[in-house]
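This report walks through one protein chain, from its overall fold to a few individual residues. Please keep the sequence and the structure in view while reading.

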Amino acid sequence: MVMNGENPGNGDRSDSAAGDGSPPVGLRERKKRLTYQAVSDAAITMFLERGFDKVSVAEVAAAADISKPTLFRYFPAKEDLVLHRFADHEDEAARVVTDRAPDETPLDALRRHFLDGLDRRDPVTGLCDAPHVLAFLRLLYGTPSLVARLHAYQGRSEAALARALGGRVPDRLAAGQIIAVQRILALENWRRIDAGESADRVYEGAVQAAEEAFVQLRTGLEPPSQPRA
């Protein structure tokens, strides 16, 4: 999760001199992205202060100095005001697979990326105890409608990863399992930190759980066969 709206590892892509081969972003698109961020920031500030269900969309629009219809052109649902923070991560797993080294398998690349995220205390891994991240995650996981909306974002992550893997039925099955594993690992890390443990204390167990999870992805659900007596 990116708390400031920037794309991890890529910097602010609104820069027309990105240097990554992508086409320059025009002024209109930059202004649109800034509006997205400003409205989302205003909304989250209000939600954290008063609670998601106690703040109306009209109040958010007024705080952002835009009309309610304009707000809905940017954010189709109230929940998207919060989950905009996840937008940069929808295709993250797919990008990891697409950008991996030629001698690296997709699963190895995803494992490496997740472990790197734990090491960086990336909020998307659940292993982050920064106060503003904790507040955001408590808002997210404590609001049923936000949790439900989050599943739609994760569904799009799964679809993007499946396409990166090849788009066949086995690829879709693999993508579903991988995204589920990452979600469960992150949620378990978050639960431990929300219960009062520090990220540093949780780190070793989080790495072990991730390693075991990726072994299970690689080997399948069946336990190793045991010789018969």
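## Overall fold

Helices are DSSP runs of H or I with at least four residues, strands are runs of E with at least two, and both are numbered from the N terminus. The model described here is a predicted one, and in it the chain has 10 helices and zero strands. Written in sequence order, the pattern is therefore α-α-α-α-α-α-α-α-α-α.

A residue counts as buried when its relative accessible area is under 20% and as exposed when that area is over 50%, with partly exposed in between. Of the 229 residues in the chain, 38% count as buried. Among the contacts that join residues at least 6 apart in sequence, 66% are between residues at least 24 apart.

In soluble globular proteins, nonpolar side chains tend to be buried together. In this model the largest nonpolar core has 54 residues, and the members that touch the most other members are Phe47, Val60, Leu71, Leu81, Val82, Leu110 and Leu161. Helix α9, which covers residues 169–194, supplies the largest share of this core, with eight residues.

Which residues does Val82 contact, leaving aside its neighbours within four places in sequence? They are Ile44, Phe47, Phe52, Phe136, Leu139 and Leu146, and of these Phe47 is also listed with Val82 among the members that touch the most others in the core.

## Aromatic rings and charges

Two aromatic rings are counted as a pair if their centres lie within 6.5 Å, and a pair is edge-to-face if the planes are over 60 degrees apart. The count comes to five aromatic pairs. In one of them, the rings of Tyr36 and Tyr74 have centres 5.0 Å apart and planes at 90 degrees, so this pair is edge-to-face. The pair links distant parts of the chain, since Tyr36 belongs to helix α1 (residues 27–50) and Tyr74 to helix α3 (residues 68–74), 38 residues apart. Tyr36 has a relative accessibility of 21%, so this residue counts as partly exposed. Together with Phe75, Tyr36 and Tyr74 form one aromatic cluster.

Lys78 lies over the face of Phe52, at 4.4 Å from the ring centre, and Arg156 lies over the face of Tyr153, at 4.6 Å from the ring centre.

## The cavity

How many cavities of 30 Å³ or more does the model contain? The count comes to one, and about 500 Å³ of space lies in the largest cavity. Of the 28 residues that line this cavity, those closest to its centre are His89, Val124, Gln154, Gln182 and Arg183. Several helices take part in the lining: α5 (92–98), α6 (106–120), α7 (131–141), α8 (144–165) and α9 each supply at least two residues.

If residues up to four places away in sequence are not counted, Asn189 touches Leu118, Thr125, Gly126, Leu127, Val202 and Ala206.

Gly155 is found in helix α8 and is partly exposed, with a relative accessible area of 33%. The C-alpha atoms of Gly155 and Ile179 are 8.6 Å apart in space, while the two residues are 24 apart in sequence. Val215, in helix α10 (residues 199–219), has a relative accessibility of 48% and likewise counts as partly exposed. Along the chain Val215 and Arg111 are 104 residues apart, and their C-alpha atoms are separated by 9.6 Å.

## Positive phi angles in two loops

Asp65 is not a glycine, and its phi is positive, near 60 degrees. This residue is found in the loop between α2 (57–63) and α3, and at 69% relative accessibility Asp65 counts as exposed, because the value is over 50%.

Arg121 has a positive phi of about 60 degrees although it is not a glycine. The place of Arg121 is in a loop as well, the one between α6 and α7.

Notes
Residues numbered from 1 in each chain as written. Predicted model: local features only at pLDDT ≥ 70, side-chain atom pairs only at ≥ 80, totals over all residues. Heavy atoms only, no water. Phe/Tyr/Trp six-rings, centres within 6.5 Å; stacked < 30°, edge-to-face > 60°. Buried < 20%, exposed > 50% of the residue type's maximum accessible area, 1.4 Å probe, protein only. Lys NZ or Arg CZ within 6 Å of the ring centre and 35° of its normal. Core = buried A, V, L, I, M, F, W, Y, C linked by side-chain atoms within 4.5 Å. Contact = heavy atoms within 4.5 Å. 1 Å grid on protein atoms, 1.4 Å probe; cavity = no way out; pocket = protein on both sides within 12 Å on 5 of 7 lines; lining within 4 Å. Points joined across faces, edges and corners; volume = space filled by probe spheres on them.
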